[in-house]
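Dear colleague,

Please find the structure below, handed over for your review.

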Amino acid sequence: MVKLQRNNLSYFFAASFLIILVDLILVNSVLYEEFDQVLAIGITLDFVVVIPLLLYFLVYRKINNQILSVLPFALLGYIALVFMMPNTAQGTLDVVKYM
């Protein structure tokens with residue numbers, strides 16, 4: 001059982017690292033300047049929704065925790081976005097802040 005949890009935790013870290021790496025590359029690319037609103041929404045959803053859901057389905061569900069236990073990780077994703085996103089995309093973050 002411990003081996004299964006450790007394996008799922010490594011899958012979570014690998015998937016999260018890949019998502020964060022791709023998002024950082026997109027933010028610093030020329031493609032982001034052309035499609036800044038669409039990519040800002042996608043990157044925001046990655047950090048606030050996708051990564052916490054990955055944590056729940058790969059790690060927390062196996063140890064019978066509730067889905068509300070991943071809400072602090074959504075808040076951490078929002079804080080990371082505030083520092084990562086350029087000033088032009090801060091409008092998208094305002095919508096997430098009020099949710």
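Asparagine 8 is located in helix α1, which covers residues 2-27. The model is a predicted one. With a relative accessible area of 10%, asparagine 8 is buried, because buried residues are those under 20%. A polar atom of the side chain of asparagine 8 lies 3.4 Å from the backbone oxygen of leucine 58. When neighbours within four places in sequence are left aside, asparagine 8 is in contact with Leu58, Val59 and Lys62.

**Aromatic pairs**

How many aromatic pairs does a search of the whole structure find? The search finds 3. One of them joins phenylalanine 12 and phenylalanine 13, with 5.5 Å centre to centre; the planes stand at 50 degrees, and the pair is tilted. Phenylalanine 12 has a relative accessibility of 10% and therefore counts as buried.

Another aromatic pair is formed by tyrosine 56 and phenylalanine 57. This pair is edge-to-face, with 70 degrees between the planes and 5.2 Å centre to centre. Tyrosine 56 counts as buried at 14% relative accessibility, whereas phenylalanine 57, at 42%, counts as partly exposed.

**Confidence of the prediction**

For the protein chain, the mean pLDDT is 83, and 90% of the residues reach 70 or more. Among the elements of the chain, helix α3 (residues 36-60) has the highest mean pLDDT, 89. The lowest, 71, belongs to helix α5 (residues 90-98).

Yours sincerely

Notes
Residues are numbered from 1 along each chain as its sequence is written. This is a predicted model: local features need pLDDT of at least 70, side-chain atom pairs count only at pLDDT 80 or more; totals for chains, interfaces and linings use all residues. Side-chain values use heavy atoms; hydrogens and water are left out. pLDDT is the predictor's confidence in each residue, from 0 to 100. Helices (H or I, at least four residues) and strands (E, at least two) are DSSP runs, numbered from the N terminus. Rings of Phe, Tyr and Trp (its six-membered ring) pair if their centres lie within 6.5 Å; planes under 30 degrees apart count as stacked, over 60 as edge-to-face and the rest as tilted. Buried means under 20% relative accessible area, exposed over 50%, partly exposed in between (1.4 Å probe, protein chains only). A polar contact is a pair of N or O atoms within 3.5 Å; within protein, one must be able to donate a hydrogen and the other to accept it, and residues adjacent in sequence count only if both atoms are side-chain atoms. Contact means heavy atoms within 4.5 Å.
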